[in-house]
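We will go from stop to stop, selecting a few residues each time.

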Amino acid sequence: MLFPTQAGTKGRCISLTFGNNSRKAVLTIEAAAVLPFFACFLVFVLYFFRILQVHAGVAQALQYTGRRMAAECSLSGQAAEKEPEQDGSRNTGIAERLKAELFFTKQLKKQNCPLQYVTHGISGISLLQSDFSGNYIELKAVYRMQFPLRLPRKLEYRIVQVQKCRKWT
């Protein structure tokens with residue numbers, strides 16, 4: 001027989017009580033207090049995988065953009081070397097930044113990167129700190145990812161990714 005029986009219980013399981021039923025109430029209160037924290041922990045673990053997915057997509061788009069810009073700068077760099085700077089100041093690289101933004105956004109859309117988790121979507125990823133001077137192209141993507149749960153204070157993760165490529169000669 002699997003369960004202990006008592007005379008007159010006709011095969012029913014014996015329930016053990018400890019003086020009164022307060023032990024059951026304590027377990028219910030503990031479960032009610034711990035369960036929301038456990039659920040939040042599981043949400044954070046699952047959200048971490050989304051962060052990794054966005055991070056990998058942005059890294060791949062930066063790598064593609066860096067390689068493409070290295071080839072583009074080698075073609076346009078020969079004409080720029082022939083014309084010296086008029087005012088002696090360094091070239092700001094606005095045209096290069098615009099090309100990089102174009103290649104970057106095109107590649108992100110092609111990959112179907114889940115950008116709904118990035119604050120302000122695709123426009124929330126900034127390449128303004130990128131550097132195109134010298135023999136290297138340094139693309140720096142700065143963006144923020146939203147916290148998975150809505151709390152009284154808005155929390156975001158700031159993520160910076162850098163890709164450095166050598167220009168073709």
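**First stop: a salt-bridge network**

Select glutamate 72 and arginine 68: the two form a salt bridge, with their closest N and O atoms 3.9 Å apart. The term salt bridge here means a side-chain nitrogen of Lys or Arg within 4 Å of a carboxyl oxygen of Asp or Glu. Before going on, note that this is a predicted model, in which local features need pLDDT of at least 70 and side-chain atom pairs count only at pLDDT 80 or more, while totals for chains, interfaces and linings use all residues. Residues are numbered from 1 along each chain as its sequence is written, and side-chain values use heavy atoms, with hydrogens and water left out.

Both partners belong to helix 1, and because they are 4 residues apart there, about one helical turn separates glutamate 72 from arginine 68. Helices here are DSSP runs of H or I with at least four residues, strands are E runs of at least two, and both are numbered from the N terminus.

With all three residues on screen, you are looking at a network of salt bridges linking Arg68, Glu72 and Lys99. The structure holds 2 salt bridges.

How accessible is each member of the network?

**Second stop: aromatic rings**

How many aromatic pairs does a search of the whole structure find? The search gives 3. Rings of Phe, Tyr and Trp (its six-membered ring) pair if their centres lie within 6.5 Å; planes under 30 degrees apart count as stacked, over 60 as edge-to-face and the rest as tilted.

Select tyrosine 47 and tyrosine 117. Their ring centres are 6.1 Å apart and their planes meet at 70°, so the pair is edge-to-face. This pair links distant parts of the chain, 70 residues apart: tyrosine 47 is in helix 1 (residues 22-82), and tyrosine 117 is in the loop between helix 2 (94-111) and strand 1 (136-146). Tyrosine 47 counts as buried at 7% relative accessibility, whereas tyrosine 117 is partly exposed at 23%.

Next, move to phenylalanine 48 and phenylalanine 49, whose ring centres are 6.3 Å apart with planes at 65°, so this pair is edge-to-face. Phenylalanine 48 is partly exposed at 45%, and phenylalanine 49 is exposed at 53%.

**Last stop: charges over a ring**

Centre the view on tyrosine 136. The charged end of lysine 164 sits over this ring, 5.1 Å from its centre, and arginine 166 lies over the face of tyrosine 136 at 5.6 Å from the ring centre. A charge sits over a ring if NZ of Lys or CZ of Arg is within 6 Å of the ring centre and within 35 degrees of the ring normal.

How values were computed
Buried < 20%, exposed > 50% of the residue type's maximum accessible area, 1.4 Å probe, protein only.
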